[in-house]
Amino acid sequence: MRLRNIPRADGTIRAHKAVIKRPEDQRGCWGQVFGNKNPLRIEIGTGKGQFILQMAKLHPEINYVGIERYSSVLLRAVEKFDTEEFKDLQNVRFVCMDARRIEEVFAENEVDRIYLNFSDPWPKARHAKRRLTSTEFLERYEKVLRPDGVLEFKTDNTELFNFSLEQVKEAGWMLTNFTYDLHHNEEMNKDNIQTEYEEKFAGRGNPINKLTAVRK
Ligand code: SAM
């Protein structure tokens, strides 16, 4: 994502009611943040927030946490949260952090599902470990996902997608479904919520790839 530094981003985010300031303090007790024991689903690289806010609106019985590394990007998500459509949602929070720290923030078995949407491709081979679907990251996810917890990944980047299919198998996860053309796959597209990137790339005619996998 092209990033424009926005000087007020850090302050605005720190003061926002939907942003968890010290997420590591909630490790093992995210239910207290939401005041219930509903399943916890997280999106890593939440960007401008469209996906997670729509999901939270559609599923009040699920708790959602959107994780984004850059405050200037997360600022857009909290501004969207503040709009009439989303401002009263009780079941969504945001965290500004690098997903490398995920084990410091969520306890073993605490997360029910992980969403990765249009993750940065890191095309150079020497940067493969930075891809959010690399075995390095899958090992981190295993530490926080419950045993039959699900990973969902969407991208228009076919090279990253093929890499991800291989990594999922190499990490010993079970691939439960995949498609190279989500928007023309009736079964997988049924409840699909589009992200900002998805709308942009699908609008240019790019097919969207999706896989779902379960940690064994
Ligand atoms: N998911 C959104 C969408 O589909 O419209 C945004 C996609 S954008 C290409 C990827 C986002 O992931 C960026 O906002 C980036 O800052 C964030 N990101 C990349 N690596 C991350 C990491 N290790 N931890 C947290 N966020 C990350």
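Where is Glu-198 found? Glu-198 sits in helix α9, with helices (H or I, at least four residues) and strands (E, at least two) taken as DSSP runs and numbered from the N terminus. The structure is a predicted model, in which local features need pLDDT of at least 70, side-chain atom pairs count only at pLDDT 80 or more, and totals for chains, interfaces and linings use all residues. Residue numbers start from 1 along each chain as its sequence is written. The chain has a mean pLDDT of 96, with 99% of its residues at 70 or more; pLDDT is the predictor's confidence in each residue, from 0 to 100. The model scores are ipTM 0.99 and pTM 0.97.

Back to Glu-198: with 23 C-beta neighbours inside 10 Å, it counts as buried. Here, buried is 20 or more other C-beta atoms within 10 Å of a residue's own, exposed is 12 or fewer, and partly exposed is in between, with C-beta atoms placed from the backbone. Leaving out residues up to four places away in sequence, Glu-198 touches Phe-118, Lys-154 and Ile-208; contact means C-beta atoms, placed from the backbone, within 7 Å. Thr-195 lies in the loop between α8 (186-189) and α9, and is buried too, with 25 C-beta neighbours inside 10 Å.

Now for the ligand. Of the 21 residues around it, Gly-45, Gly-47, Phe-118, Thr-195 and Tyr-197 come nearest, where being near takes a C-beta atom, placed from the backbone, within 6 Å of the molecule. By type, the shell divides into eight nonpolar, six polar and seven charged residues. Nonpolar covers Ala, Val, Leu, Ile, Met, Phe, Trp, Tyr, Cys and Pro; charged covers Asp, Glu, Lys and Arg; the others, Gly among them, are polar.

The UniProt record (an unreviewed entry) lists Glu-43, Glu-68, Asp-98 and Asp-120 under "binding site". They span 78 residues in sequence, yet no two of their C-alpha atoms are more than 13.8 Å apart, so they gather at one spot. Asp-98, in the loop between β3 (92-96) and α5, is exposed, with 11 other C-beta atoms within 10 Å. Asp-120, in the loop between β4 and α6, is partly exposed, with 15 such atoms. UniProt also places "binding site" (unreviewed entry) at Lys-124, Asp-156, Thr-195, Glu-196, Tyr-197 and Glu-198. These are spread over 75 residues of sequence and spread in space as well, up to 25.0 Å between C-alpha atoms.

Two further helices show how buried residues are covered. In α6 (residues 135-144), Phe-137, Leu-138, Arg-140, Tyr-141 and Val-144 are buried. Down the helix axis they fall within an arc of 155°, so they line one face of α6; the arc is that of the directions from the axis to the C-beta atoms. Their cover includes α5 (102-105), β4 (111-117), β5 (145-155) and α7 (158-170). In α4 (residues 71-81), the buried residues are Val-73, Leu-74, Leu-75, Ala-77, Val-78 and Phe-81, with α1 (9-15), α3 (50-58), β2 and β3 among the elements covering them.

Note on methods:
Two residues are in contact if their C-beta atoms, placed from the backbone, lie within 7 Å. UniProt positions are given in the numbering used here, feature names are shortened, and annotations may be inferred rather than shown by experiment.
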